[in-house]
Each structure stands twice: as C-alpha cells, then as structure tokens.
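I had a few things to look up in this one today. Notes below, in the order I went through them.

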Amino acid sequence: MSEARIIDGKAFAEGLRARVGEAVAGLVRAHGLTPGLAVVLVGEDPASQVYVRNKAKQTREAGMHSVEHRLSADTSEADLLALVRALNADPAIHGILVQLPLPAQIRAETVIQTIDPAKDVDGFHVVNAGLLATGQEALVPCTPLGCLMLARDTLGDLSGLEAVVVGRSNIVGKPMAQLLLKESCTVTVAHSRTRDLPAVCRRADLLIAAVGRPNMVKADWIKPGATVIDVGINRVDAGEGKTRLTGDVDFEDAKAVAGAITPVPGGVGPMTIACLLRNTVVAACRQRR
Ligand code: GUN
C-alpha cells in the first residue's frame, strides 16, 4: 500500500488565520469593532512564555487588540481572580485566556470558573463544557476544534465513522469525543486503564491520540487506511544536548499503514492558536448581540 497522506496543519492554520484576519477587517469596517484578547501568564515557565508570545504576535497579525498580563510566580489566587474580574468587565476585551499550568498556590479550577463564559475562548468553563455536551452553541476548546477541522478537511463527512480518542482530559479528550459525537461518529474514549488498547485503536477509521506519551501508538495499532490525528507535543532528547518534538504516534512506522496522518511538529500544534483567534472573533460577535 502507498504511504499515508501527510496532513499539513501548518498550511491549514495559515489559511484559517487569513480568514480570521478578513473577518476582523469586516467587523472593524462594518461595526467599528476590534476583537480583543487578553492572555494572562503567571510565573516564568519557559514553554508557556513561548506560547504566550506566539499568541500575542498572531493576535496582532490578525488585526486584533492584544493585551498581555505577566504576573510573578508568587501571585496570590485573590490577585489573579481580581484581574480576571477586571477583564470580565472590560468592554475592549472579548476573550480571556489564563495560561496553564498555574503555580501550586492557585486553584486552576477556581480561576477558570471565574472567567465570564462568554469570554472563555479556551472553552474550559463548565458552562461551555455543558453547552457543548448538550449540542448547544458553545465556545469549544481550541485543540480538539483544530483536530476536527483537520479530520473534516481530510475525510469530508465523518458521519458513521468509528472514531477512537485515546486520552480523557477535560482539555482535549472529553471535548474531542463530544465534537465527534456531534458529527455522528461512533465514539470510543480509551485511556490508560483501557484493556487491550491496541485492539481498540485498530477499530478506528479516525484515531485521535492525546495521551502525552512519546511514540506510544504503534503502527500495528492502526487500521490500514485510517486517518490518524496526533495531538502529542513531547520534547525528547535528540542527543548532543539537543531536544526535539515528537508526537504520541510512532510516525515513521505509522505512515506506512495509515491513509492520512498529522506530523509533529506541523500538524495539530499550529491549529490551536489559529482556533484561539477564531474563538476570539466568535466571542466578539456574540457579545455584540
Ligand atoms: N497550556 C497548554 N495548552 C493550553 C491551552 O490550550 N490553554 C491554556 N489556557 N493553557 C494551556
């Protein structure tokens, strides 16, 4: 069989960001409305600093208003909650993202539930999770939304497909399962306690790997011709003191079996920020209503 089609998430994300930019220009022109995104970073986690910098840069490039709040690692929960409440009340801000993980003295769940659900562009608030689960208009978490866009671009109509999601996090696995249910897939959510995980994965026409373990999903876990979406972004030792990024799927072997597969980097990763920008525009439009 021929090698898998490599799904170009970087190119798709560039196209999505361009469409978001056009939507922003239209909102500015028609309504004088510039969507605004506030990103809050507590502490100096190096990976988080890179993400936050990229988010702010791409927000500005899309023509939106970008605000960054950088707080010291010893910030109290009360101070962070006060900032979130101020952003909730700020009419120039339509989206609020508090970068995770947070330092130990701050309860992430309390912070997330304090964000106005209408401005919750991460889609982590229980109101948005509940709206998604009941098939209503929600703000949808960015990473699973990006995975869905790539799956639909690759496969077209997903109705009736066997979809297996490996991973049950609130951020990726659970909302991914909800989105695929809405697409009328037959959805299985597998996880670390699943019995015979390879056999469960082999049922999948569409396999989403979101476990955070480098190269865990092997080629013989994949049904020939299946579409494989790899959410993993794992930093591993590349020798000579260097590191490199690798996914949750053993890509080199898997691409000989799969019909289509996302690479790491250049697959799901770039979609996440593009979907964040899209969610900010959606949030701004809904707040006008
Ligand atoms: N940290 C890693 N990914 C994410 C994300 O999607 N949202 C937030 N808020 N923090 C993160």
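Predicted model: local features only at pLDDT ≥ 70, side-chain atom pairs only at ≥ 80, totals over all residues.

**Helix packing, a loop valine and the ligand shell**

I started with two helices: H2 (residues 46–61) and H10 pack at an angle of about 50 degrees, and their axes are 10 Å apart. That angle makes H2 oblique to H10. I also looked up the hand of the H2 and H10 crossing, and it is right-handed. On the H2 side, the contact is made by Asn-54, Lys-55, Gln-58 and Thr-59, and H10 brings Ile-273, Leu-276 and Leu-277. By class I get 3 nonpolar, 3 polar and 1 charged residues in the contact of H2 with H10.

Next I went to Val-264, which sits in the loop between strand S11 (260–261) and helix H10 (269–288). Is Val-264 buried or exposed? I have Val-264 down as buried, because 22 other C-beta atoms lie within 10 Å and the cut-off for buried is 20 or more. Setting aside neighbours within four places in sequence, I find Val-264 in contact with Asp-230, Gly-232, Ile-233, Leu-245, Thr-246, Gly-247 and Phe-251. I also checked Val-249, 15 residues away along the chain: its C-alpha atom and that of Val-264 are separated by 9.1 Å.

Last, the ligand. Around it I find Leu-97, Val-98, Gln-99, Leu-100, Asp-122, Cys-142 and Thr-143. Strand S4 (95–98) and helix H6 (142–155) are the elements that give two or more residues to this shell. I sorted the shell residues by class and got 4 nonpolar, 2 polar and 1 charged.

Conventions: Residues numbered from 1 in each chain as written. Helix = DSSP H or I, 4+ residues; strand = E, 2+ residues; numbered from the N terminus. Buried ≥ 20, exposed ≤ 12 C-beta atoms within 10 Å, placed from the backbone. Contact = placed C-beta atoms within 7 Å. Near = placed C-beta within 6 Å. Nonpolar A, V, L, I, M, F, W, Y, C, P; charged D, E, K, R; others polar. Axes fitted to C-alpha atoms, helices over the stretch in contact; angles between N-to-C directions. Parallel < 35°, antiparallel > 145°, perpendicular 65-115°, else oblique. Left-handed = near helix turned anticlockwise from the far one by under 90°.
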